[in-house]
Amino acid sequence: METNSNSASSKPSASSLRWKILRRAVLPRATNPEDGSQLGLKLVSRKAPKGFNLIPCQRLHHDHESRDARFCYTLPTQGCPGPKLVLTQRMDNNADLSDFEICNRHNIDNTGLVCQWPSEDVLAYFCLSHADMFRSKRVIELGSGYGLAGLTIAAATEALEVVISDGNPQVVDCILLTSSCNL
């Protein structure tokens, strides 16, 4: 006898819970408090609104006709303010229809473009804290999002070369704009 892995007794996957969050946001309706999946939705990891603030950041400029803004990150090195990175990022932490059209055209997702993820802040801070591990090394950051970690390595370590990549052409455009501002 075969058993169905999607039976009611099996635990829902994290991805199915994320889809439920998206569905709930897109199609708001009354929730049933007796629905056990509501507890599961609250346990799914989600982006913190302000991240962890491990690297000081301030908004420099926001053109109100654009969804993008420029942010200055001051890299803390050896107890004092270090190099500054100016990154172009989304201001409103969300996507619009044109983002999905590009994603569908290139068969990619748009997670790197939606917002500055706290994991980028944590990875950049880790890289600063362990700068010696990059000395005389070639570094590649895959799926970089806005590229904070890779740009941090390039600006504050003695790496020979840093390659920053992402599959989303919009993200790459933001990184190219960012890198031209930091040269």
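First, the ground rules. The model is predicted, so local features need pLDDT of at least 70 and side-chain atom pairs count only at pLDDT 80 or more, while totals for chains, interfaces and linings use all residues. Residues are numbered from 1 along each chain as its sequence is written, and side-chain values use heavy atoms, with hydrogens and water left out.

How many salt bridges does a search of the whole structure find? It finds 3. By salt bridge I mean a side-chain nitrogen of Lys or Arg within 4 Å of a carboxyl oxygen of Asp or Glu.

Start with Arg-135. Its partner Asp-132 sits with the closest N and O atoms 3.1 Å apart. Arg-135 also meets Glu-158, again in a salt bridge, at 3.1 Å from N to O. Glu-158 lies in the loop between helix H6 (148–156) and strand S5 (161–164), and Arg-135 in the loop between helix H5 (118–129) and strand S4 (138–141), so this pair ties together parts 23 residues apart in sequence. Helices (H or I, at least four residues) and strands (E, at least two) are DSSP runs, numbered from the N terminus.

Now the other pair. Glu-161 and Arg-138 form a salt bridge at 3.3 Å, N to O. Glu-161 is in strand S5 and Arg-138 in strand S4, 23 residues apart. Shared partners join Asp-132, Arg-135 and Glu-158 into one network.

Buried or exposed? For Asp-132, exposed, at 55%. Exposed means over 50% relative accessible area, buried under 20%, partly exposed in between (1.4 Å probe, protein chains only). Glu-158 is exposed at 51%, and Arg-138 at 64%. Arg-135 is partly exposed at 40%, as is Glu-161 at 39%.
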